[in-house]
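Visitor: I have the sequence and the model open side by side. Could we go through a few points by question and answer?

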Amino acid sequence: TIRLFFIVTDDRGVSSSAAFEVTLGNEPLDLSAERNGVIYHVNAAGRNALWDLVNNTARNLNDSGNSDMMNTSAEANVFSKGWRVPLLTPASVFVKSPQFDYTNATVKTVINAINSPSSVFSIRVNDVEVGDVFLLSLRNGAVGVLKVTQIDVGSTSDDQRIVFTYKKQG
């Protein structure tokens, strides 16, 4: 908290004073809390094809308004290695960033990378591979970074998924 005190004197010599307190937010600047997520094929029985990066939880197809990622597979047993923002969601966006240092990411390094002229964000990600890194600009205004850690392309929809870790503000 910063305390400011002002005295203002007009051209007639009349003075007035005011005091203000300014409290600066304590927004965490590191992204040390790593979370795990997974999205399954949209036809996987009893499995969630959507992930909510804001609240760190899996979602089903009926809860797309609270989700940030949805697998793009359209045909049963044929797995698409990608995701998109569900249509009803205020859009979180992603940009693939192969050179970004996921391990040592901070809010500042993510924001600097996001603001780079070469960063082109999208609501759809295709053809991901294990190790791919994505910058995140989430629907709640937070930023973060995501890394694909596993892709399972089993023979049935129930065995097809993308596993990832991510770090974000909040």
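Visitor: In this predicted model, which residue forms a salt bridge with Asp 152?
Guide: Asp 152 is partly exposed, at 22% relative accessibility. The closest N and O atoms of the pair are 2.6 Å apart, and the partner is Arg 161.

Visitor: How many residues apart in sequence are the parts tied together by Arg 139 and Asp 52?
Guide: Arg 139 sits in the loop between S10 and S11, while Asp 52 belongs to strand S4 (residues 50-52), so the parts they tie together are separated in sequence by 87 residues.

Visitor: Is Asp 52 buried or exposed?
Guide: The cut-off for buried is under 20% relative accessible area. Asp 52 has 0%, so the term for Asp 52 is buried.

Visitor: Which residue meets Lys 96 in a salt bridge?
Guide: Lys 96 lies in strand S8 (residues 93-96) and the partner in the loop between S9 and S10, so the pair ties together parts 36 residues apart in sequence. The N to O distance is 3.4 Å, and the partner is Asp 132.

Visitor: Lys 168 is buried yet has no salt bridge; how far away is the nearest side chain of opposite charge?
Guide: Lys 168 is placed in strand S12. Its side chain reaches the backbone oxygen of Val 54 at 3.1 Å. A salt bridge needs the nitrogen and the carboxyl oxygen within 4 Å. The nearest side chain of opposite charge is that of Asp 52, at a distance of 7.4 Å.

Visitor: How far apart in space are Val 163 and Gly 37, C-alpha to C-alpha?
Guide: Val 163 lies in strand S12 (residues 160-168) and counts as buried at 15% relative accessibility. Leaving aside neighbours within four places in sequence, its contacts include Gly 37, Val 38 and Lys 147. Although 126 residues separate Val 163 from Gly 37 in sequence, their C-alpha distance is 5.9 Å.

Visitor: Which strands do the buried residues of H1 pack against?
Guide: In helix H1 (residues 107-114), the buried residues are Val 107, Val 110, Ala 113 and Ile 114. They span an arc of only 135° around the axis, which puts them on the same side of H1. In an α-helix there are 3.6 residues a turn, so residues three or four places apart point the same way. The strands packed against are S10 (133-137) and S11 (143-153).

Visitor: What is the bridge partner of Asn 71 in S7?
Guide: The open sheet of 5 strands has the order S5-S4-S6-S7-S9, with antiparallel pairing. Its edge strands are S5 (57-59) and S9 (124-125), each pairing on one side only. Strand S6 (residues 69-71) is joined to strand S7 (residues 83-84) by 2 bridges. The partner of Asn 71 there is Trp 83.

Key: Residues are numbered from 1 along each chain as its sequence is written. This is a predicted model: local features need pLDDT of at least 70, side-chain atom pairs count only at pLDDT 80 or more; totals for chains, interfaces and linings use all residues. Side-chain values use heavy atoms; hydrogens and water are left out. Buried means under 20% relative accessible area, exposed over 50%, partly exposed in between (1.4 Å probe, protein chains only). Helices (H or I, at least four residues) and strands (E, at least two) are DSSP runs, numbered from the N terminus. The arc is that of the directions from the helix axis to the C-beta atoms. Contact means heavy atoms within 4.5 Å. Lys and Arg count as positive and Asp and Glu as negative; His and the chain ends are not counted. A polar contact is a pair of N or O atoms within 3.5 Å; within protein, one must be able to donate a hydrogen and the other to accept it, and residues adjacent in sequence count only if both atoms are side-chain atoms. Two strands pair if DSSP finds at least two bridges between them.
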